[in-house]
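Here are my notes for a first look at this structure. Please keep the 3D view open as you go through the points.

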Amino acid sequence: MLTWLIRAQWLVIPILAMASSGTNLESGSCSVAKPAGSSCLGGAASPDQARYDNYRIYNVEFDNEEQIELFQKLEEQSDSLTFIGHAREIGQKLSILVAAHRVADFADLLKTYKLKHRVLTYNFQEKIDRNMGEVLPQDIDASKLDWQHFFHLKTIYAWLDKMAAKYSQLTVLDMGTSTQGNPIKGVKLVGNPKNKAIFIESGIHAREWIAPATATYIINELLTSQDPQVQKLAKEYNWIIFPSVNPDGYKYTFEHDRMWRKNRQLFGTCRGVDLNRNYPDHWNSTGSSSDPTRYDYAGPSAGSELETKRLIEFIRENVGKEQIKTYIALHSYSQMLMFPYGYTKEHVSNYADLQEFGQKASAAIKAESGRDYVSGNLYETIYPSSGGSMDWAHAEAGIPIAYTFELRGPPDSQDLFILPAVEIQPTASEAFTAIRTIVEAAAEKGYYK
C-alpha cells in the first residue's frame, strides 16, 4: 500500500542498491539461493531486480498525537521507509518496512518517542526469495496451472484460452491494451443469456498476487465444481472475471520488483499511477496523492490512465446489456470485506443491506476456515481513500452490490503482500465462499430480479 519518496531516483538506487515499491528503480539479482546464471522464474535471470536484504517489518502502535504527527512527517521525508497505510489515529497499529541502513535510526526513534512496537520480520528478502521459488516457468503447459503455485501473466492468459476451448459456455474477453501494450484479458461464463451478471476484477495493485490467483480459482470452480450450490450459481448467473486489470504492473513484479504496486506510466524520472485512486469519483479528494513518486499517486487527472479507461468503457458498454448487478474487487491484505464509500463517512442508500451481506459473508468464512474477516464500509473499516473502482462502479455505473475484498493475511501479517503459495487455495476458497454468500443473500432481497 505504499512507496518511498525518492527524488534523485536514477542516482540513489545504483549507488545504494536500495529497492523501491513505488518508483521505477530497482537493483540486484534473483534469489541468492540460486546458482549463478539460474533464475527463480524459470527463464534468464534479470540483472536488475530490486532486493530487500535485511529490511525489517515493524508494527507500531500510536498512543498520542505527537507520535502520529511524527510518523506523518517521517513518511513525507524518508526515502527508506515503506508505510503500509498512513498514521491517522490514536490506538492505530501500522506496519512499516524499514530499509536495512535505516534500522538503527528507526529503532532509536521508537525508543526516544516511546512507541509500542513489534518486529514482524528481520529479513524481508527471505520471504521474497521463498515466494519466487513458488513461481512456475511462464512457458509451462497452461493445463498445469494450479493453486499451489503462482503464475506469470502469460501462463494465466494461456490458461484462459485453454479453458475457453474446453468449455463452450466460456468466452475469452479482451478489454484492450494497457499502457505498455499488454492485453487486459478476462472471461465471460454464461449460464443463460438472460441472467444477471457478477463482475470480478483483480490485480489492480500489482504486488497482490493472491488476487489473480483467487480469480482463476473462482473461474475453475464455476466450471468444474461438483457442488450443486456452485453449479446452481454458474447456471443462474453470468460471470465476468478479469484476473489482472494492471498487466504491466503484474509483469513487473515478476521481472523486476516484487513490491511494485502501480501501473507503469512514465512521469519523468519515476513511473506509475495507483489505478485504484484514478477513477472519476471524488478523484484525489482524500487518501491519495498528487505526487508521482508516492505509492498512492492518483494520476495527472481523473480517469487519466489507459487501464482505467478500458475498465470504465467496458462497464459502461456492458452494465445494461449484461445486467451487471454485482461488482467485486479483489485485493490483499488485511482480511476485510468492504463496501462503498471510501471517500466519505456518508452511507450509501443500501448501507444496511451491504452491511448485512458482508457480515453474513464474514460469518461464512469463519465457519469454513476459522479466519476472522471484518466487514463494513471502506471509509470506516480500513482508511479514507478516493477514486477507487468500487466507489465508481456503485455511484457512477449504478451497480448496487459492490465490494472490495482484502484477502489474507491479517492486518499485522509478517508477510505483507508476499503470501506463501500454501495459502492460495484456502484464501481463494474463503473469497469464493464470501461471494457466494453475498450473492445468495442479495438474491433473497430481490437484487437480481
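1. Ala, Val, Leu, Ile, Met, Phe, Trp, Tyr, Cys and Pro count as nonpolar. Asp, Glu, Lys and Arg count as charged, and the others, Gly among them, as polar. Keep in mind that this is a predicted model.

2. The largest cavity has a volume of about 150 Å³. It is lined by 17 residues, and those closest to its centre are Asn 276, Arg 277, Leu 378, Ser 385 and Thr 404. By class, six lining residues of the largest cavity are nonpolar, eight are polar and three are charged.

3. Which elements give two or more residues to the lining of the largest cavity? They are α12 (389–395) and β14 (401–407). Of the elements, α12 gives the most, with three residues.

4. Now the open space. The largest pocket holds about 470 Å³. Its lining has 22 residues; Arg 88, Gln 92, Lys 93, Met 336 and Ile 382 are the closest to its centre. Both β3 (93–98) and α11 (378–381) supply at least two lining residues of the largest pocket. This lining divides into 10 nonpolar, seven polar and five charged residues.

5. Next, the cores. In soluble globular proteins, nonpolar side chains tend to be buried together. Here the largest nonpolar core has 84 residues. Phe 124, Trp 239 and Phe 405 touch the most other members. Helix α13 (residues 424–444) gives the most to this core, with 10 residues.

6. Look closely at Phe 405. Setting aside neighbours within four places in sequence, Phe 405 is in contact with Ile 328, Ala 329, Leu 330, His 331, Met 336 and Leu 337, and also with Ala 431, Ala 434, Ile 435 and Ile 438. Met 336 is also among the residues closest to the centre of the largest pocket.

7. A second, separate core has 29 residues. Val 245, Leu 311, Leu 378 and Met 390 are among them. Leu 378 is also one of the residues closest to the centre of the largest cavity.

8. Finally, Met 175, in strand β5 (residues 170–177). Why does Met 175 count as buried? Its relative accessibility is 10%, and the cut-off for buried is under 20%. Beyond neighbours within four places in sequence, Met 175 is in contact with Ile 184, Phe 199, Phe 242, Arg 310, Leu 311 and Phe 314. Lys 185 lies 10 residues from Met 175 in sequence and 6.3 Å away in space, C-alpha to C-alpha.

Technical notes. Residues are numbered from 1 along each chain as its sequence is written. This is a predicted model: local features need pLDDT of at least 70, side-chain atom pairs count only at pLDDT 80 or more; totals for chains, interfaces and linings use all residues. Side-chain values use heavy atoms; hydrogens and water are left out. On a 1 Å grid over the protein atoms alone, a cavity is a set of points where a 1.4 Å probe fits but cannot get out, and a pocket is an open set with protein on both sides within 12 Å along at least five of seven lines; lining residues have an atom within 4 Å of a point. Grid points are joined across faces, edges and corners, and a volume is the space filled by probe spheres set on the points. Helices (H or I, at least four residues) and strands (E, at least two) are DSSP runs, numbered from the N terminus. A nonpolar core is a set of buried Ala, Val, Leu, Ile, Met, Phe, Trp, Tyr and Cys residues joined through side-chain atoms within 4.5 Å. Buried means under 20% relative accessible area, exposed over 50%, partly exposed in between (1.4 Å probe, protein chains only). Contact means heavy atoms within 4.5 Å.
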